[in-house]
There are 2 protein chains.
Amino acid sequence: MNKIGKYEFIAEPFHCDFSGRMFLGHLGNQMLNAADFHSTDRGFGMKYLMTIKRSWVLSRLAIEMEEMPAQYDHFTIETWVESAMKIFTSRNFCVSDGQGKVYGYGRSIWAMIDTETRQPSDIYAIDNGAINDWIVDDKPCPIEKGGRVKMSGNDELVRSLDVNYNDIDINGHVNSVKYIEHVLDLWDIAWYREHRLKRFEIAYVAEAHQGDKMGFYREQIADNEYCVRLTKTDLLLQKETEVCRCRLVF
Amino acid sequence: MNKIGKYEFIAEPFHCDFSGRMFLGHLGNQMLNAADFHSTDRGFGMKYLMTIKRSWVLSRLAIEMEEMPAQYDHFTIETWVESAMKIFTSRNFCVSDGQGKVYGYGRSIWAMIDTETRQPSDIYAIDNGAINDWIVDDKPCPIEKGGRVKMSGNDELVRSLDVNYNDIDINGHVNSVKYIEHVLDLWDIAWYREHRLKRFEIAYVAEAHQGDKMGFYREQIADNEYCVRLTKTDLLLQKETEVCRCRLVF
């Protein structure tokens, strides 16, 4: 089996925004699907991991697009594991039209955890270090790695939202892609008419659950560059903690 | 070409709720995709209609499910036109596993409009009444038609939401499925743990846009049966008008 997985998708009409280009959230979701297909086909997918009480947890995701697929476009997502350390793997994505035109790239970092203790778990303990058989270190992914999202502390609370039924996935907490959608919703259509999102990165810190209130703190850090810090406040304990941080470059 | 269209889907992991069953919104979206594929393949799809300044507008949708597809389930949506009148067509759906097990059914009513005047337009004027070639009046769809959603006026405002970037599709107004998701979000996970949604129906009245505030008015009309009236308030004019009405049976 090829080390690089290649999956075909279509930009569904209702997964496209007012301009007829795919929403970043839906593209992100297809990247996560591609990651799931790739790892499942190669013996280290979520379904298998559940049987041994392990799971992948998305730790970072960075997406940088030259162009977004348009309504009804067929597109291809290639994905591969670039490297693996004790508890982290780095997985990359290339989004193209399958004929040589590249729309953009993605980079992600995944941690393996023990689903009982919620503690990090050694990836190399799975199937005698089988992950090594799948590492591709010579395929380029010419976008910057997602780093720490640094903020100055001059961020402002711009929105508060309750966690709702549709936010929560089978893991029982807010779905990774839903945070992206809520953050992109901080800008309105008038803004998106004038600005194209070039790069989005998100670093996940903790998980928000039903009953939490999410706070969105935004700071402009350069021309057309913003950071958003997302917090959750447990409505019973009234304790506010950080959930994730994002950086957006328009 | 067969009068009935048949399309294959998969219940993607992140399109499933906390219980591992597909979100109704995502299933509704796949029904709309099936409708789009079916009409496109038969010469009366949105893309062709755009060229003659016509469009389909979803007027009503009712979905009744015995069971929702579970994570990774492959499922099939069959769709066909049951009848056509001057400006309306009635399109049905059957969701099954493709092997004889039926998950549930859908019924929808679509109006044809002139995209310049936004007025109703005669379906039979398209290609000399070609719609008649596609009518299937002998395939059963054993669920109640969606009727008027009657409310007593004892409804209560239970939530207000701004229309956001991710709500708006290429038509420039809130996507039909987004209303469904927002309405389902009026109940929390604790409710969904104890109650299965059996039937959802929605009648669309008007379109909400960026800058509108949506109001959700809820009324319980029977045991485990609720109606929701959704309004929009234009933030400049402060005028509140009805957008759609839903009926939910748990």
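Predicted model: local features only at pLDDT ≥ 70, side-chain atom pairs only at ≥ 80, totals over all residues.
Entry 1: The same surface serves both copies, as 100% of the contact residues of chain B recur in chain A.

**Entry 2: the contact.** I looked up who takes part: 31 residues come from chain B and 31 residues from chain A. On the chain B side, helix 1 (24-41), helix 3 (176-184) and helix 4 (189-194) each supply at least two residues. Helix 1 of chain B gives the most, with 5 residues. By type, I noted 14 nonpolar, 10 polar and 7 charged residues on the side of chain B that touches chain A.

**Entry 3: the sheet of chain A.** I traced 10 strands in an open, antiparallel sheet, in the order 1-3-4-5-2-7-10-9-8-6. Strand 1 (5-10) and strand 6 (156-162) of chain A each have a single partner strand, so one side of each is left without a neighbour in the sheet. Neighbouring strands are turned by 25° against each other on average, direction ignored. I then checked strand 2 (54-65) and strand 5 (102-114) of chain A, which are joined by 11 bridges. Ile63(A) stands opposite Gly106(A) of strand 5.

**Entry 4: helices on the sheet.** Helix 1 of chain A lies across several strands, including strand 1, to which it runs at about 145°. Helix 3 of chain A also packs on the sheet, and its direction makes about 130° with that of strand 7 of chain A.

Key. Residues numbered from 1 in each chain as written. Chains lettered and ligands numbered in written order. Contact = placed C-beta atoms within 7 Å. Helix = DSSP H or I, 4+ residues; strand = E, 2+ residues; numbered from the N terminus. Nonpolar A, V, L, I, M, F, W, Y, C, P; charged D, E, K, R; others polar. Pairing = 2+ DSSP bridges. Axes fitted to C-alpha atoms, helices over the stretch in contact; angles between N-to-C directions.
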